[in-house]
Amino acid sequence: MKGSYYVNNFNRFGRSWQVNVQADAKHRGDMRRAMEELKVPGAGDQPVPLTTLVQVRDRVGPSLVMRYNLYPAAAVFGQPAPGTGSTSALTMVQEHFDSLQRETTIPPLMAAEWTEMAFMQIRSGSTAAFLFVLGVVLVFLVLAALYESWALPLAVILVVPMCLLSALLGVHWAGMDITIFTQVGFVVLVGLACKNAILIVEFARQLVQEGRPLREATVEACRLRLRPILMTSLAFILGVVPLVVAEGAGAEMRRTLGLAVFSGMLGVTLFGIFLTPVFFYTLLRRGRR
């Protein structure tokens, strides 16, 4: 026959070789002749050529048969339209497939399964939002234990919403979707936003403990910490520029992550410098009252 049969492997010359059994070329060139040589028991147990019972026709078949969980499958690749989130796109595709099954447009034995990134996204569900909230709470509790106060950590955490708003505006302005990589960027921004706020809050707290008036300590902390905040923020912003302008394979993922962090850090730098001292002064003043 035309096909071959895999037997086993053997090791030779420092590598592994396959053993495949196959008929000689002259017995594989003519399919009809090869079928005539195959005989089956007939009446009276007399051998009958197989060609008297079947018809041999040449057909063109697929060069590759895909399987999923041992079932024959067909891969369908898609991409959400601009402005459509991946979650909405997955829901629309699933609803369309369900409607086709209800209308019996496709056989009832057919089923649809998600793979790769879509499968991971559906399986994770709302885990990303839960982890983000958990990260914010963890930062707040760590700062509360460090400062032995509830007001000072709150002054640090309150700048996080402005940071996320800046990141969302940047992603929306670029026409990108909120993907798993964007959500990872949000978690990164929580630590970066708190880092800038801590530079002001920590120094202002030390001045207050030394006996400085609250207003004077806040202004002095802003003046002394302005340069370190700008230097560290600009260094990080310039560091993620290659992600924003990335090209080539995987560029979409790097751009999504880089743009979220880039725009978020711009918001942290602009809003954090002005809002963190206000939060610190307001919360400590109310706490004293």
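**Close-up views of a predicted model**

**View 1. Arg 223 and Glu 220 are joined by a salt bridge whose closest N and O atoms are 2.6 Å apart.** A salt bridge is taken here as a side-chain nitrogen of Lys or Arg within 4 Å of a carboxyl oxygen of Asp or Glu. The model is a predicted one, in which local features need pLDDT of at least 70 and side-chain atom pairs count only at pLDDT 80 or more, while totals for chains, interfaces and linings use all residues. Residues are numbered from 1 along each chain as its sequence is written, and side-chain values use heavy atoms, with hydrogens and water left out. Both partners belong to helix α8 (residues 214-239), where Arg 223 and Glu 220 lie three residues apart, about one turn of the helix; helices (H or I, at least four residues) and strands (E, at least two) are DSSP runs, numbered from the N terminus. Arg 223 counts as exposed because its relative accessibility is 54%, given that buried means under 20% relative accessible area, exposed over 50%, and partly exposed in between (1.4 Å probe, protein chains only).

View 2. Arg 205 is classed as buried because its relative accessible area is 19%, whereas Glu 202, with a relative accessible area of 24%, is partly exposed.

**View 3. Arg 212 is paired with Glu 216 in a salt bridge.** The closest N and O atoms of Arg 212 and Glu 216 are 3.6 Å apart. Arg 212 counts as partly exposed at 31% relative accessibility, and Glu 216 likewise counts as partly exposed, at 40%. In general, side chains of opposite charge can pair when their charged atoms come close. A search of the whole structure finds three salt bridges.

**View 4. A nonpolar patch on the surface is formed by Met 117, Phe 119, Met 120, Ile 180, Val 184 and Val 188.** Together these residues have about 540 Å² of accessible area, a quantity that comes from the Shrake-Rupley method with a 1.4 Å probe, only the protein chains shown counting as cover for residues. Patches are made of residues with over 30% relative accessible area and no salt bridge, like charges being joined within 9 Å and nonpolar side chains (Val, Leu, Ile, Met, Phe, Trp, Tyr) within 5 Å. Helices α3 (116-124) and α7 (180-209) each supply at least two residues of the patch. Phe 119, which is found in helix α3, counts as partly exposed because its relative accessibility is 39%.

**View 5. The hairpin of β1 and β2 has two residues between its strands.** Strand β1 (residues 5-12) and strand β2 (residues 15-21) run antiparallel and are joined by seven bridges, where two strands are said to pair if DSSP finds at least two bridges between them. Within this pairing, Asn 8 stands opposite Val 19 in β2. Phe 13, in the loop between β1 and β2, has a positive phi of about 60 degrees although it is not a glycine, and with a relative accessible area of 72% Phe 13 is exposed.

**View 6. Leu 70 lies in the loop between β5 (67-68) and β6 (71-72).** Leu 70 is not a glycine, and yet its phi is positive, at about 75 degrees. The relative accessible area of Leu 70 is 78%, so this residue is classed as exposed.

**View 7. The count of disulfides comes to zero.** A disulfide is a pair of cysteine sulfur atoms within 2.5 Å. Cys 163 is in no disulfide, and the nearest cysteine sulfur, that of Cys 194, is 8.8 Å away. Cys 163 counts as buried because its relative accessibility is 1%, and Cys 194 also counts as buried, at 3%.

**View 8. The protein as a whole has ten helices and six strands.** Along its principal axes the C-alpha trace spans about 115 × 60 × 35 Å. The radius of gyration of the protein is 34 Å, whereas a compact globule of 289 residues would have one near 19 Å; this radius is taken over C-alpha atoms, and the globule rule is 2.2 Å times the number of residues to the power 0.38. Of the 289 residues in the protein, 26% are buried.
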